[in-house]
Amino acid sequence: MIRSFLAVAFNSFREALRHRISVVVVAFSVALLFATSLVADVTVITLDRVVTDFGLGAMSISLVMLTIFLSCSQLSREIERKTIFLIVSKPISRGEFLVARFAGNMFTLAVLILLMSAVFVAEVVLNGGSVTEAQLVALVMLWFELMVISSVGFLVSSFSSQLVSAVVTTGVYISGHLSDDIYSLSTRTKVPSLRALGHTLYYMLPNLERLNYRPKASYVLSSTFSEVFGSAAYGTAYAALMVTFAVLLFARRDFK
Amino acid sequence: MTSTSVPLPVETRALSKTYRLGFWMNRQVRALQGLDLRVEAGQVYGILGPNGAGKSTTLKILMNLVRPTGGEALLFGLPPSLREARRLVGFLPENPAPYEYLTGREFVSLAGRLIGLAGHELDTRVTEVLRDVEMERSADLQIRRYSKGMIQRIGFAQAIVGRPRLLILDEPTSGLDPVGRRQLRDHILAERARGTTVIFCTHIIPDVEALCDRVAVLVGGKLVREGSVQDLLTAGASLVELVLSGITLERLRTLGHDVPYSQSLQDRLLIRITEVDSQPLLKKVIEAGGRVNSLNSVKYSLEDLFFSALQGAKSSGSVGGEIT
């Protein structure tokens, strides 16, 4: 059982590495990280903050785009092309297959974050700065944010097409960063139905701002262990819930 | 242990499947209606039928890709949803689409890992099956560079890498050129020689004639004929084909003979009747002033059987899956 799980997970990793778009995104973000030097050259003050802002922002945007692409395309494409016939007909449960795919995806993203973090650290050091704890926390929490986005992508692509999955997941990513605003806006409205809608959305959407430690890294603000652990646990629980729903839907699906 | 207690490789009992289609799921297609099949060990079993007959749906239910809406399907006595049941089975879907970014060797190796092979055993088996399907030289090319025939061979290799006791093949020769079809037929026969039970569906009748021990004909999701190829062919072999002149079909019928098949050929009439009926009919034709131009024993083929089953199903209802 563990052997087939690892085989599928490793295959997901191999697929991402051999996918041209992954290589392009990684190359783009590495180039962007190095371009921080150019920004630093035209910056008069707060050099450390610019390097951190620009570096972490570049990593975040490119990895979020890649996550949406991978999580929405892998499963959908496999179903659309009917490659899945060759895999789920083997002695592996559908749930195991989906979780292994998800695990492979998260492993790929972990490797990419490590690679980009190395470039980021080099960039910080080259610009005369030093790596702070807040920056490291932001890098680790970026992985948890990607895990939540990836789980949403897997959930939607377990029952819909690649395009629909990508649109919905992008929408969840954007609104997930605005969920606090959605809540506060809905508390101000006098229309009960709108208030109820706002509150429902707030509780259904992932609170991605809770996993966003990049502003703290910019201002070199430290976080307590319990706060970071709580945020990581929140992200993990949300992703686990989404993957559980995905497994339930995927297990009941007919592959015509 | 009696033979009846040994679970069959494939058994279906009153198997039914209704697909719900459309945005509101309000259209229903009855793809399978109460299908009973029994496939004995060591047989090559063919499922024949036109498009939409329910052939692929049957195989997909057996491979746990589609869930039945009624009845049950069993693989070696176990439901296909259990991984233990699927461990004994190799499956080649119609138009297989392996991961294009992998090489043929990597894909067959992945299939082997999913079956539970590892290490030296996996490497040995992968090398063996790649040699068996004559893909050794192209095994390290990415699958996106393969031709249709090569993909089919890699698909077959991944199906047999775990030495399955049952091989399920969905339209294995469709889209292949004559050489590819011949090679795949040879692979199926080689598997049968090893004792593997093979069940495959197709609408290519010569493949069934060349390979199968038993045949099931499905039309409109229902089993309309089933039996050994020999029995089915013998059942229709007592027909004779007569070409007559100087007599009309109407006149022939007034002589008190039922003519199940007839065709007008300008001034002549071609009829098919049973051998038993032929002698009295010949006598009456001559007495009525008609002439017998030719008399031939009909070699009944599976194609005839297939079309007669199709004709029968058309007259009694739907052919391509009932839509409501």
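1. Within chain A of this predicted model, A:Asp53 and A:Arg49 form a side-chain salt bridge, with an N to O distance of 3.7 Å. A salt bridge here is a side-chain nitrogen of Lys or Arg within 4 Å of a carboxyl oxygen of Asp or Glu. Because A:Asp53 and A:Arg49 are 4 residues apart in helix H4 (residues 47-80) of chain A, about one helical turn separates them. A:Asp53 is partly exposed at 36% relative accessibility, and A:Arg49 is partly exposed at 34%. The classes are buried for under 20% relative accessible area, exposed for over 50%, and partly exposed in between (1.4 Å probe, protein chains only).

2. The conventions are as follows. Residues are numbered from 1 along each chain as its sequence is written, and chains are lettered from A and ligands numbered from 1 in the order in which they are written. As the model is a predicted one, local features need pLDDT of at least 70 and side-chain atom pairs count only at pLDDT 80 or more, while totals for chains, interfaces and linings use all residues; side-chain values use heavy atoms, with hydrogens and water left out.

3. Over all chains, the count of salt bridges comes to 27. In chain B, B:Arg192 pairs with B:Asp213, their closest N and O atoms lying 2.8 Å apart. This pair links distant parts of the chain: B:Arg192 belongs to helix H6 of chain B, and B:Asp213 to the loop between helix H7 (205-211) and strand E8 (214-219) of chain B, 21 residues apart. Helices (H or I, at least four residues) and strands (E, at least two) are DSSP runs, numbered from the N terminus. B:Arg192 is partly exposed at 28% relative accessibility, as is B:Asp213 with a relative accessible area of 29%. In chain A, salt bridges that share partners join A:Glu15, A:Arg77, A:Glu78 and A:Arg101 into one network.

4. A further salt bridge in chain B joins B:Glu11 and B:Arg13, with the closest N and O atoms 3.4 Å apart. Its two ends fall into separate accessibility classes: B:Glu11 is buried at 13% relative accessibility, whereas B:Arg13 is partly exposed at 39%.

5. At the interface, 31 residues of chain A are in contact (heavy atoms within 4.5 Å) with 35 residues of chain B. The area buried between the two chains is about 3100 Å², and carbon and sulfur atoms give 55% of it. Buried area is the accessible area (1.4 Å probe) that two parts lose on being put together, summed over both. Of the area that chain A buries against chain B, A:Leu86, A:Lys90 and A:Pro91 supply 22%, more than any other three residues.

6. Between chain A and chain B there are 5 salt bridges, and one pairs the side chains of B:Glu100 and A:Arg81 at 3.5 Å, N to O. Across this interface, 17 residue pairs are in polar contact (both at pLDDT 80 or more). A polar contact is a pair of N or O atoms within 3.5 Å; within protein, one must be able to donate a hydrogen and the other to accept it, and residues adjacent in sequence count only if both atoms are side-chain atoms.

7. On the side of chain A that touches chain B, helix H1 (2-18), helix H5 (84-88), helix H6 (94-126) and helix H12 (225-252) each supply at least two residues. The largest share, 8 residues, comes from H1(A). By class, this side has 12 nonpolar, 5 polar and 14 charged residues. Ala, Val, Leu, Ile, Met, Phe, Trp, Tyr, Cys and Pro count as nonpolar, Asp, Glu, Lys and Arg as charged, and the others, Gly among them, as polar.

8. A:Thr108 lies in helix H6 of chain A and is buried, at 2% relative accessibility. A polar atom of the A:Thr108 side chain is 2.8 Å from the backbone oxygen of A:Gly104. Residues up to four places away in sequence left aside, A:Thr108 touches A:Ser12, A:Phe13 and A:Ala16.

9. Chain B comprises 11 helices and 14 strands, and its C-alpha trace spans about 80 × 50 × 45 Å along its principal axes. Of its 324 residues, 52% are buried. Among contacts in chain B between residues at least 6 apart in sequence, 70% join residues at least 24 apart.

10. B:Gly175 sits in the loop between strand E6 (166-170) and helix H6 (178-193) of chain B, and is exposed with a relative accessible area of 63%. The C-alpha atoms of B:Gly175 and B:Asn95 are separated by 8.3 Å, although the two residues are 80 residues apart along the chain.
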